[in-house]
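Colleague: I would like to learn how to read a model of this kind. Could you take me through it feature by feature?

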Amino acid sequence: MTRKILVLPGDGIGPEITAQASRVLAACQAQGLDVEVAEAPVGGAAYDAEGSPLPEGTLAKARAADAVLLGAVGGPKWDKLEDISKRPEKGLLGLRKELGLFGNLRPALLYPQLAEASSLKPELVAGLDIMIVRELTGGIYFGQPRGIEERDGQRVGYNTYVYSEAEIERIGRVAFEMAQKRGKKLCSVDKANVLEVTMLWREVMERLAPEYPDVALSHMYVDNAAMQLVRAPKQFDVVVTGNMFGDILSDAAAMLTGSIGMLPSASLNESGQGMYEPCHGSAPDIAGQGLANPLATILSVAMMLRYSLGEPALAERIEAAVGKVLDDGLRTADIAAEGERSVSTSEMGDAVLAAF
Ligand code: ATP
Ligand code: MG
């Protein structure tokens, strides 16, 4: 059965990096991967063309796809749009919500070839390999009621932090299963000493634990987790947490690797359909110059093959090709050492294809 992949290039460096990832997809097709690849606009590009950051046509194609590959959205051109619902970022939030992408997988992996790029001491980060599992469609970013209103003569802002048992359980299962496939250690991050919603979170994680007897479950308060992540990051294997804590911790974990241009991500729903995208943003400062590192997006294709298309062997081939080009010393500017020669976005794509 031919499966459908939708590519959403988006804004800034998005079109440049997805172009290289699409070449890798085409190479997989040449190896027998039976997929149909289409493209659609999203974000600021879609707003400019059709007046909406998530046009109906794009949403319909995304719903019909087995997997979506997204570049990045946003940029200074749209930051001042009065109508917030038209901002590029709303296109991304809309896609997550509409596709029910509740499970966000963000690996923080240090490539040994890039160990010097990390801002931390080499012995702290050598061999770092963490998987952060972040709940993506609930928590304080989506809770009702929310707003800014007048109370007793001054304005107050408020949001509501809500999780149901069912929401906690489904993200918990994703994390336990991930831990089973990896180092069998799961750390659940909450603030159960202060927030009732995370007391429930902790309770549900504990309740699931006996079903995964091979996984060692631990708990950490988010403030301590932030400290531990910087102090001794290698103690973590899989981390599971809510939407906001996950947002912050996964950015911190990404920076530990020193290479934002190298990190892919996956967002999955209950039927295994997924959206795949680099962890970084649209990098407007370098857009259109051929400077962007396409490896995070290429590695997102590998995650897509593994998690939505059931093609782990092809995923491994892509990851091996990336390892090979790093071994060969190819570097885009973001991962090059000072004074080291760097290659362009498309030259990096060429090299990955040659190594594939
Ligand atoms: P967002 O708000 O969309 O999460 P951001 O504006 O916080 O994103 P990025 O767009 O990720 O941040 O850019 C942060 C910095 O990292 C910029 O200097 C950018 O040029 C650089 N950067 C991001 N992605 C890449 C990449 N693929 N290759 C090279 N440099 C990158
Ligand atoms: Mg930004």
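Modeller: We can begin with the ligand. This is a predicted model, and 14 residues surround ligand 1 in it. The closest are G261, H280, G281, A283 and N293.

Colleague: How many residues of each class are in the shell around ligand 1?

Modeller: Six are nonpolar, six are polar and two are charged.

Colleague: A283 is among the closest residues to the ligand. Where is A283 found, and is it buried or exposed?

Modeller: A283 is found in the loop between β12 and α10. The test is a count of C-beta atoms within 10 Å, and 20 or more make a residue buried. A283 has 24 others within that distance, so it is buried.

Colleague: What should I look for in the backbone angles?

Modeller: Look for exceptions to a rule: most residues other than glycine have a negative phi, and most peptide bonds are trans. A283 is one exception, with a positive phi of about 40 degrees although it is not a glycine. K184 is another non-glycine residue with a positive phi, near 65 degrees.

Colleague: Where is the place of K184?

Modeller: K184 is in the loop between α6 (165–181) and β8 (185–190). It has 14 C-beta neighbours inside 10 Å and therefore counts as partly exposed.

Colleague: Which residues does a cis peptide bond join?

Modeller: Q144 and P145, with omega at about -5 degrees. P145 sits in the loop between β5 and β6 (147–151).

Colleague: Which residues does the UniProt annotation "binding site" cover?

Modeller: The unreviewed UniProt entry gives R96, R106, R134 and D223 under that heading. These residues span 128 residues of sequence and are also spread in space, with up to 27.1 Å between C-alpha atoms. An annotation of this sort may be inferred rather than shown by experiment.

Colleague: Is R134 buried or exposed?

Modeller: R134 is buried, because 27 other C-beta atoms lie within 10 Å. R134 is part of strand β5 (residues 129–135). Apart from its neighbours within four places in sequence, R134 is in contact with N104, R106, T241, N243, G246, D247 and S250.

Colleague: What does the domain assignment of the chain give?

Modeller: Two parts of the sequence, 1–102 and 269–356, make up domain 1, while domain 2 is 103–267. The centres of domain 1 and domain 2, taken over C-alpha atoms, are 23 Å apart.

Colleague: How many residues of each domain are in contact with the other?

Modeller: 26 residues of domain 1 are in contact with 22 residues of domain 2. On the domain 1 side, the elements that give two or more residues are α4 (88–99), β12 (274–278), α10 (295–307) and α11 (312–327). Of these, α10 gives the most, with six residues. By class, that side has 14 nonpolar, six polar and six charged residues.

Colleague: How far apart are D48 and W78 in sequence and in space?

Modeller: They are 30 residues apart in sequence and 9.4 Å apart in space, C-alpha to C-alpha. D48 is placed in helix α2 (residues 43–50). It is partly exposed, with 14 other C-beta atoms within 10 Å.

Notes
Residues are numbered from 1 along each chain as its sequence is written. Chains are lettered from A and ligands numbered from 1 in the order in which they are written. This is a predicted model: local features need pLDDT of at least 70, side-chain atom pairs count only at pLDDT 80 or more; totals for chains, interfaces and linings use all residues. A residue is near a molecule or strand if its C-beta atom, placed from the backbone, lies within 6 Å of it. Ala, Val, Leu, Ile, Met, Phe, Trp, Tyr, Cys and Pro count as nonpolar, Asp, Glu, Lys and Arg as charged, and the others, Gly among them, as polar. Helices (H or I, at least four residues) and strands (E, at least two) are DSSP runs, numbered from the N terminus. A residue is buried if 20 or more other C-beta atoms lie within 10 Å of its own, exposed if 12 or fewer, and partly exposed in between; C-beta atoms are placed from the backbone. Two residues are in contact if their C-beta atoms, placed from the backbone, lie within 7 Å. Domain bounds come from an automatic or database domain assignment.
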